[in-house]
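Okay, thanks for coming, everyone. Let me put the structure up, and then I'll talk you through it.

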Amino acid sequence: MIRFLILSGYFELMMYLQVSGKLDQYINVHYRYLVILSMILSALLALVQLYIWVKSDSVKGKKQVDEEVHHHHDHDHGLTKPSQRVIAYVLLALPVIVGTLFPTVSLDTTIVEAKGFNFPISKESVGDPEMQTQYLKPDTSIYFNKSDYLDQMKKLKEKYDDKQLIKITDENYLEVMELIYNYPSEFIGKKISYEGFVYKTPDGEKEDSFLFRFGIIHCVADSGVFGLLTHMPDGTNVKNDEWYKVEGTIQSDYYEPFKRDIPVVEVNTLTKIEAPKNQYVYRSF
């Protein structure tokens with residue numbers, strides 16, 4: 001019975017996340033088919049466990065009951081103690097428990113303020129091969145070997161070589177941001193338009209404004225905040241968490257906190273917009 005309840009609970013949780021649209025806050029939407037597949041498998045396995053449960057309840061006679069119990073024990077793989085079975089069932093039910101008890105929350109600038117952000121630093125420069133920074137620049141190099149990654153980036157860059165105006169959408173947001181940071185000199189002078197929310201750095205003497213989107217590369221474990229430093233027109237007053245669509249020209253500027261040049265958008269026009277229903281963007285492969 002417990003196995004049936006866990007499997008049916010997982011199926012119902014996945015169905016709820018699909019219908020409510022909250023699944024987008026956990027994984028890359030391009031992997032939705034995997035969730036649907038796991039949902040179907042869990043439903044089938046739940047039906048199997050239901051059949052076994054009903055069948056065992058309908059068995060009459062002590063000998064037949066003993067045979068069913070013996071058959072069940074043969075498949076416990078050593079989990080003969082009640083405490084072992086409890087731990088096993090709790091671990092199996094953990095995704096359902098977490099998904100049910102912990103609410104999903106859209107990220108905003110308070111997350112950036114709490115964690116801060118840093119320009120991606122090469123592994124060699126910090127001496128830590130496990131360091132994976134996912135701020136400002138989406139970094140998909142960790143999923144490829146070096147030559148394959150460079151080949152992929154060069155192939156993607158060819159799509160924008162002849163374009164003087166690059167329109168960034170939800171579909172290509174992370175792709176274009178990664179290219180801009182990888183090849184900044186080749187994008188300087190190009191016009192760009194994109195949408196995002198404002199984050200103003202809490203710097204005492206000079207306030208810098210970034211236009212960000214929260215993005216998911218594979219799942220929430222490698223999510224981050226990605227975007228560009230913006231130089232707004234004189235007299236413009238923007239606030240944290242306000243959403244804007246900006247159009248401007250990509251330039252390069254020395255950013256003191258990072259001690260290096262980074263890409264920047266010299267904004268020509270900006271339009272305040274409503275926050276989109278789904279505030280995340282996703283990397284397509």
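Strands here are DSSP runs of E with at least two residues, helices are runs of H or I with at least four, and both are numbered from the N terminus. Val225 is buried, at a relative accessible area of 2%. By buried I mean under 20% relative accessible area, with exposed being over 50% and partly exposed in between, using a 1.4 Å probe and protein chains only. Val225 also has its C-alpha atom 8.3 Å from that of Lys137, although 88 residues separate the two along the chain.

A quick word on what we're looking at: this is a predicted model, where local features need pLDDT of at least 70, side-chain atom pairs count only at pLDDT 80 or more, and totals for chains, interfaces and linings use all residues. Residues are numbered from 1 along each chain as its sequence is written, and side-chain values use heavy atoms, with hydrogens and water left out.

Now, over to strand E3, residues 191-200, which is where Ser193 is found. Is Ser193 buried or exposed? Buried, with a relative accessible area of 7%. Leaving out residues up to four places away in sequence, Ser193 touches Ile166, Lys167, Ile168, Val246 and Glu247; a contact is heavy atoms within 4.5 Å. Ile192, with that same exclusion, has a list of contacts including Leu165, Ile180, Leu228 and Val265.

Ile192 also turns up in the largest nonpolar core, which has 46 residues, and is listed among those with the most contacts inside it, along with Tyr173, Phe187 and others. A nonpolar core, by the way, is a set of buried Ala, Val, Leu, Ile, Met, Phe, Trp, Tyr and Cys residues joined through side-chain atoms within 4.5 Å. Helix H8, residues 173-182, gives this core its largest share, 7 residues. Another core, of 7 residues, lies apart from it, with Leu13 and Leu23 among its members.

Stepping back, the chain has 9 helices and 8 strands, and 36% of its 285 residues are buried.

How confident is the predictor? That's pLDDT, scored per residue from 0 to 100. The chain averages 78, and 76% of the residues score at least 70. Over residues 120-131 pLDDT stays under 50, and the model has 11 contacts beyond four places in sequence for them.

Key: pLDDT is the predictor's confidence in each residue, from 0 to 100.
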